[in-house]
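This report describes how pairs of helices pack against each other in one model. Two packed helices are described by the angle between their axes and the distance between the axes.

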Amino acid sequence: ATCFYGLGLSKEAGAIDKAAFWDPIVRERIRKTYLYFAGDIALIGAAAVAASRTRLMGVLARVSPLAFGIGCLVASTGCYYLIVSTPYENTIPKHAAWALFSGIWGVFLAPMSALGGPLLTRALLYTGAVVSGLTLTAASAPSEKFLYWAGPLAVGLGVVCVSSLGSVFLGPASALGAGLYSVSMYGGLVLFGGFMLYDTQKIIRDAETKPHFDPINASMGIYMDAINIFIRIAMIMASNQSKRK
């Protein structure tokens with residue numbers, strides 16, 4: 001798809017083709033959104049490293065991993081709604097909630113340090129390549145090509161969420177649990193790749209059309225897409241590595 005749209009084989013103009021005609025305000029909106037996205041990644045990385053070096057976090061994750069995961073998800077969900085409901089002009093509370101959200105996700109991901117630095121580094125590089133490729137595809141495609149995917153993506157998200165919960169309670173040892181785990185990992189990887197295409201084009205459309213644009217809110221979608229892609233790539237790599245041993 002990247003080659004098809006990037007080489008100009010599509011008959012319709014993509015966002016890249018229209019970028020030269022963008023109003024400076026649209027350019028600034030998109031620039032700020034991706035700066036916040038980069039800040040999100042930096043904050044979550046710093047929080048994950050700091051939490052992984054804190055003995056208490058490791059103990060909590062080992063003693064009750066389900067309670068640890070649910071607690072982090074509940075806290076991040078509450079923080080997410082605080083972010084999107086706070087006006088961008090309300091600078092300090094908005095940025096405080098944004099930083100806290102990334103910090104919570106850093107704590108949530110900290111136990112993944114047990115997978116080892118080399119594996120996580122490779123997973124991070126693969127994630128960067130995947131996210132860059134998908135972003136280029138979305139920017140090269142016709143402006144609303146992937147915005148029509150909202151319905152199927154929502155259905156897919158429900159399937160992946162149910163599969164993730166089912167695999168937690170059934171365990172990967174059972175045939176059904178293993179099947180649900182595969183749907184959660186491999187299906188989730190495809191799903192969040194689709195979300196990256198959708199959210200990238202949504203950022204561009206909103207930057208072009210919305211009278212009031214919030215770059216922090218706009219960055220949240222691609223941020224969560226990237227995190228979910230990274231988690232799945234790392235877990236799939238870890239699973240394949242353990243099978244070879």
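In this predicted model, the axes of helix 3 and helix 6 (residues 91-109) come within 7 Å of each other and cross at roughly 45 degrees. Angles under 35 degrees count as roughly parallel and 65 to 115 as roughly perpendicular, so helix 3 is oblique to helix 6. Their crossing is right-handed. On the helix 3 side the contact is made by Tyr36, Gly39, Asp40, Leu43, Ile44, Ala47, Ala48 and Ala51, and on the helix 6 side by His95, Trp98, Ala99, Ser102, Gly103, Trp105, Gly106, Val107 and Leu109. By class, the residues of this contact are 11 nonpolar, five polar and one charged.

Helix 3 (residues 24-52) also packs against helix 9 (residues 175-209), at an angle of about 140 degrees and with the axes 8 Å apart. Angles over 145 degrees count as roughly antiparallel, so helix 3 is oblique to helix 9. The crossing of helix 3 and helix 9 is right-handed. Helix 3 contributes Val26, Arg29, Ile30, Thr33 and Tyr34 to the contact, while helix 9 contributes Thr200, Ile203, Ile204, Asp206, Ala207 and Glu208.

The residue classes in each contact are set out below.

Methods
Residues numbered from 1 in each chain as written. Predicted model: local features only at pLDDT ≥ 70, side-chain atom pairs only at ≥ 80, totals over all residues. Heavy atoms only, no water. Axes fitted to C-alpha atoms, helices over the stretch in contact; angles between N-to-C directions. Helix = DSSP H or I, 4+ residues; strand = E, 2+ residues; numbered from the N terminus. Left-handed = near helix turned anticlockwise from the far one by under 90°. Contact = heavy atoms within 4.5 Å. Nonpolar A, V, L, I, M, F, W, Y, C, P; charged D, E, K, R; others polar.
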